Amino acid sequence: MWRVKHEDDPEAFAELVQRWQKPIQNLCTRMVGDSHRGEDLAQDAFTRLYSKRKSYEAKSKLSTFLWRIALNICYDELRRQRRRHEFSLDEPSADGSPSDQLESEAPGPPDDLIGQERAAAVRDALQKIAEPYRVVLVLRHYEGLKFREIAEVLEIPEGTVKSRMAEGLGQLERILQPFVCEKPPRRVFRNERLIV
Amino acid sequence: MKHPSREEMMEHLYNESSPSQRQSIDNHLRTCADCRAQSDRWRATMKTLDAWRLEAPRRLHRSMPAVPWAIAALLVVGIGVGFLTGRTTAIDSPALQAALRQEVASQVTAAMNQQRASLAEELRTASARAISDETRQVFSEFAEQLEERRESDAEIYYSAIQQVDARHRQELARLRRDLGTVALVADARITDAQEQISNLSNPVSETLNK
């Protein structure tokens, strides 16, 4: 990032994009529930990163800076979507979810129909829960950030991140009730050792 | 029995607890059916979340460097052929080497041309994307400015409405005061008139009585 900031080095920026493209695009896709839009938003995030490169402070982590930029872009997009919904003359879907718009989109690689159905259900469920919970779930569960790192990105206490995570999982459990039927792998305790 | 908090359970589920805390929660889960059930439900939801997998993002396509592979392949073939021909006859070796050299040269040239064309295409795509990004950014900035302007206009409009509303309220209050004053004056005058009528009527009635 130093080379990008001080030397406007395109090669260094290309390396940075290559390193971060996947996680940022995944974050955007999961936040807005649409992979094509996620791709566009990720591009916007990198464009904004480049335009804000001079304001980047080396004392903070690049990842934190980039996650924040991407999240702000996602929030802007979600605000625009809400505004479009509010002013739209179309009939809203029965449950108010964006699933109607997304119906034609393949939810992901699973080949089997059940897998696709589950993936679509998860995608829709995530869109139904409030953004403060969704963002924590996406960053922790899918992007693998530690709770401490999420707290840093969102600028909230770590305890709040964990309680939002618990609340988000609870909300998802209720929404995904028909799909959360499988028992998790049974944890067997034996001689003080945890066998999964 | 102290149940672990939701926050502690989250750390436990995502393997972020310290070893001692993990041990303590594991011990608790062995004995507390409620906490175990809650933990199992969370785990099941986490597992369900894994159903939504995403494809790898599309990248700017960069072809494998063809030249080194072409050279390597041709060298392998060349060595193999050379080895075989060397075993059968040594006389044709220089001619074979020359033929191979020519073949390698033509293959390398073709591969280099292909890579050059591929790089030119990538450059063209990247330039187009950069222009597109720039346009999008300009539009985005314009939209932001428009939004700011709209919000600012709304604030001005709201403030003007508030001023008009306040003026109306003041006028209404003044009218109400005036109306009160008129009512009081009218009331006083009516009372005076009644008294005067009464005063006038008293002597008349006394005279009549006499």
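Me: What separates K162(A) and E158(A) in helix 9 of chain A?

Reply: K162(A) and E158(A) lie four residues apart in that helix, so about one helical turn separates them. A helix is a DSSP run of H or I of at least four residues, numbered from the N terminus. This is a predicted model, in which local features need pLDDT of at least 70, side-chain atom pairs count only at pLDDT 80 or more, and totals for chains, interfaces and linings use all residues. Residues are numbered from 1 along each chain as written, chains are lettered from A and ligands numbered from 1 in written order, and side-chain values use heavy atoms, without hydrogens and water.

Me: What makes K162(A) and E158(A) a salt bridge?

Reply: The criterion is a side-chain nitrogen of Lys or Arg within 4 Å of a carboxyl oxygen of Asp or Glu. The closest N and O atoms of K162(A) and E158(A) are 3.3 Å apart, so the pair qualifies.

Me: Why is K162(A) called buried?

Reply: Buried means under 20% relative accessible area, exposed over 50%, and partly exposed in between (1.4 Å probe, protein chains only). K162(A) has 7% and is therefore buried, whereas E158(A), at 31%, is partly exposed.

Definitions and conventions. Helix = DSSP H or I, 4+ residues; strand = E, 2+ residues; numbered from the N terminus.
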